[in-house]
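Work through each exercise, then check your steps against the solution.

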Amino acid sequence: MSATRAYVNGESHYSKGQKDASRHLITYLYTKDKNQWKLYLEELKVPQGDGTARVALLKAGDNAIARKALLIGRNHQEDLDDLVWLFVNFKKVSFLAKAINEWEQGDKLIFKLFIIGEQINAKIKHNILTAADQQKFLQQISIISDKLTINERNFSNTLGEGTRKIKDLLIFTNVFFILIIICSVCLYYSIMVKRLIVSKKEIEVKNENLILVNHELDHFVYSASHDLRSPITSLQGLIKITQEEDNLNQIREYLTLMHTSLARQDQFISDIIDYSKNKRKQIILEPVSLQEIFDEAISQLMHFENASQISITKELLVDEIQSDSLRLKIIIFNLLSNAIKYADNTKQQMFIAIKTYIADGCNKIEISDNGIGIKDEFKDHIFEMYFGTNKNKGSGLGLYIVKEAVENIRGNIYVLSENNIGSKFIVTIPNCHGS
């Protein structure tokens with residue numbers, strides 16, 4: 001009973017941390033106040049800490065990592081033994097297993113909220129956050145909050161059902177002992193009933209508080225959605241001014257800026273989608289044609305600036321391999337895209353050379369170009385998230401996603417590059433993924 005009460009108390013901290021984090025993130029989304037971002041990160045640590053504890057307990061049982069993570073989740077130091085003991089010894093009991101499953105679903109939603117937070121922060125840092133982005137992110141946060149509310153409520157209800165079953169079992173046991181030693185057990189039974197009543201009242205009070213907090217959050221989201229009309233109205237005014245502009249050169253300049261911004265935003269969204277797919281989709285080994293992937297990627301990239309002026313050659317000594325087609329498409333598309341975007345327009349002949357071959361028992365994909373190359377001081381950072389040598393040409397996610405995709409199929413990638421000379425990316429893919 002003490003352990004279940006501790007879990008209910010921990011759930012209240014989990015829920016409050018999540019809702020406060022959502023509130024601070026929404027405030028940050030509209031005010032861009034760095035203090036709100038710090039508050040969001042601090043509050044998000046609470047459910048993240050509980051999530052880390054759950055994973056650690058499932059893998060290793062009672063351990064220092066789980067206990068430290070539970071403290072980050074604002075669970076009381078004196079409750080740690082009960083929390084760990086109940087989880088380790090009774091995690092397969094029906095009601096607790098169901099509660100742990102709700103907990104896992106909630107952690108997945110917390111991770112989604114974390115990703116959204118990183119996206120918002122990245123856009124604000126790069127000053128590319130638009131009113132449409134704000135509306136999209138607000139809707140995503142609202143959906144996640146609603147789903148988390150259901151998970152949190154199910155978690156509490158499940159533990160409540162388990163508590164009531166435990167209560168019934170305890171009452172039966174107490175009655176049995178009353179028949180044996182009436183006097184002593186009567187006193188014990190009276191104390192237990194009082195504790196159960198107090199526990200039930202505490203749970204009811206906490207549930208009422210959760211309902212109140214959820215109602216307030218729903219009200220806030222509803223009000224904020226109406227406030228979005230203001231920036232939309234402002235944007236409509238700007239469009240109207242452009243429509244009334246008589247200077248064709250000025251109009252063309254406005255349209256060029258709009259097109260550039262939209263193209264950059266589209267690339268960023270595409271990178272985020274690739275990142276999400278690479279993170280979440282299961283690896284599927286199947287026969288894959290490198291010829292088809294290269295042809296598809298080249299046809300999709302032909303609309304890029306200067307793409308038609310670049311000579312692309314292919315020397316495919318290996319075509320069909322056993323690998324994951326989604327990751328290979330992400331790798332090849334991003335490498336070719338970079339080779340085209342960072343081509344050197346000052347050179348009389350621009351080229352991209354594609355090769356596939358087998359070396360050291362592994363499949364090799366080699367993409368070379370005579371583009372602008374990479375400066376020495378950038379080479380150690382090109383595979384980092386949001387790192388880019390030219391933010392006007394990319395989101396800074398492309399090579400980071402490529403490296404993660406390569407690692408997912410147990411391969412490796414390295415680059416040879418000289419500034420103003422060109423670059424060569426070599427991807428190594430194992431012949432036998434399971435080895």
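**Exercise 1.** Find how the axes of helix 10 (residues 290-301) and helix 11 (residues 325-341) cross, and name the arrangement.

Solution. Step one: the two axes come within 9 Å and cross at roughly 45°. This is a predicted model, where local features need pLDDT of at least 70, side-chain atom pairs count only at pLDDT 80 or more, and totals for chains, interfaces and linings use all residues. Residues are numbered from 1 along each chain as its sequence is written, and side-chain values use heavy atoms, with hydrogens and water left out.

Step two: angles under 35 degrees count as roughly parallel, over 145 as roughly antiparallel, 65 to 115 as roughly perpendicular and the rest as oblique. Helix 10 and helix 11 are therefore oblique to each other.

**Exercise 2.** Classify the ring pair of Trp103 and Phe155.

Solution. Step one: rings pair if their centres lie within 6.5 Å; planes under 30 degrees apart count as stacked, over 60 as edge-to-face and the rest as tilted. Step two: the centres of Trp103 and Phe155 are 6.3 Å apart and the planes stand at 80°, so the pair is edge-to-face. Step three: Trp103 sits in helix 5 and Phe155 in helix 6, so the pair ties together parts 52 residues apart in sequence.

**Exercise 3.** Is Trp103 buried or exposed?

Solution. Buried means under 20% relative accessible area, exposed over 50%, partly exposed in between (1.4 Å probe, protein chains only). Trp103 has 8%, so Trp103 is buried.

Notes
Axes fitted to C-alpha atoms, helices over the stretch in contact; angles between N-to-C directions. Helix = DSSP H or I, 4+ residues; strand = E, 2+ residues; numbered from the N terminus. Phe/Tyr/Trp six-rings, centres within 6.5 Å; stacked < 30°, edge-to-face > 60°.
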